[in-house]
Amino acid sequence: MLAKRIIVCLDVKDGRVVKGVNFVGLRDAGDPVECALRYDAEEADELVFLDITASSDNRDTTVELARRCALELSIPFTIGGGVRSVDDFERLLRAGADKVAINSAAVSHPELIRECAKRFGKQAVVLAVDARKQEDGSYHVYVKGGREDTGRDALEWIKQGVQLGAGEILLTSMDRDGTGKGFELDLTKQAAQAAAVPVIASGGVGKLEHLAEGLECGAAAVLAAGIFHFGQHTVGEAKQYLRERGINIRPPEVAAT
């Protein structure tokens, strides 16, 4: 069985890491590279940088951020936000990103997923899905930084994205984002069952138990931000908790002697 992963998310706006609730009410959490270096030292398995207003503001993702991180980090990182074309995707990979997340542009032009997967490999393509529960119990896909309801069923979109070539799904519950109430477990479980690729659960972590719940319901990795950004827990504490709970988590790196 593959080891589960802990991923730290760094939402970036105007060059700063921020954290909000339900995609609004943003608080400053520091310089993105400084934050990233801290999580590298704490042995996070991966990092995800999301330029959260790039799509809604109709501007490009900051390639310079990818370059700075590639020079400093020893762990893999994904970067996304405002990626609209194969050329955008390539620029981020060339700048040093290990994977690129696509969301709004993929919904508008699904073939973008296939084109990027064919050119760069499925392992580089992360389909980010922002989902919100509807009155009938279904989940809709939202784009433009959570500002626009597409009316598209999230689970059907995940299946289509995997068929087109997405190598990983980054699934965020907009209802739980920043609330500290835990993952939307029903959504996570359904997505993990529907997708033939790893699903990263995102949105709602407020305590270590929530990380375990996400992994135990089928997620291959759990993504968190606030509990790490504001000093509630370290990544090391989270990994130790998960091991004690019997979850197969990646072991700490052995320091060179």
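Residues are numbered from 1 along each chain as its sequence is written, and side-chain values use heavy atoms, with hydrogens and water left out. Because the model is predicted, local features need pLDDT of at least 70 and side-chain atom pairs count only at pLDDT 80 or more, whereas totals for chains, interfaces and linings use all residues.

Two packed helices are described by the angle between their axes and the distance between the axes. Helices (H or I, at least four residues) and strands (E, at least two) are DSSP runs, numbered from the N terminus. Axes are lines fitted to C-alpha atoms, for helices over the stretch in contact, and angles run from 0 to 180 degrees between N-to-C directions.

Helix 2 (residues 63-72) and helix 3 (residues 86-95) have axes that come within 8 Å and cross at roughly 25°. The two are therefore roughly parallel to each other, a term for angles under 35 degrees, while those over 145 count as roughly antiparallel, 65 to 115 as roughly perpendicular and the rest as oblique. Their crossing is right-handed; that is, the near helix is turned clockwise from the far one by less than a right angle, anticlockwise being left-handed. Val63, Ala66, Arg67 and Ala70 of helix 2 make the contact with Arg91, Leu92 and Ala95 of helix 3, where contact means heavy atoms within 4.5 Å. By class, these residues are five nonpolar, no polar and two charged. In this classification Ala, Val, Leu, Ile, Met, Phe, Trp, Tyr, Cys and Pro are nonpolar, Asp, Glu, Lys and Arg are charged, and the others, Gly among them, are polar.

Glu111, Ile113, Arg114 and Ala117 of helix 5 meet Trp157, Gly161 and Leu164 of helix 6, giving four nonpolar, one polar and two charged residues.

Gln134 lies in the loop between strand 7 (125-133) and strand 8 (139-143). Leaving aside neighbours within four places in sequence, Gln134 is in contact with His140, Tyr142 and Asp149. The C-alpha atom of Gln134 is 9.9 Å from that of Gly151, 17 residues apart along the chain.

The structure holds one cavity of 30 Å³ or more. On a 1 Å grid over the protein atoms alone, a cavity is a set of points where a 1.4 Å probe fits but cannot get out, and lining residues have an atom within 4 Å of a point. Grid points are joined across faces, edges and corners, and a volume is the space filled by probe spheres set on the points. The largest cavity has a volume of about 40 Å³. Its lining consists of Leu171, Ser173, Phe183, Glu184, Leu187, Thr188, Ala201, Ser202 and Gly203, of which four are nonpolar, four polar and one charged. Strand 10 (168-173), helix 7 (185-194) and strand 11 (199-202) each supply at least two residues of this lining.

Finally, helix 8 (residues 208-216) and helix 10 (residues 235-244) pack at an angle of about 55°, with their axes 10 Å apart.

Methods: 1 Å grid on protein atoms, 1.4 Å probe; cavity = no way out; pocket = protein on both sides within 12 Å on 5 of 7 lines; lining within 4 Å.
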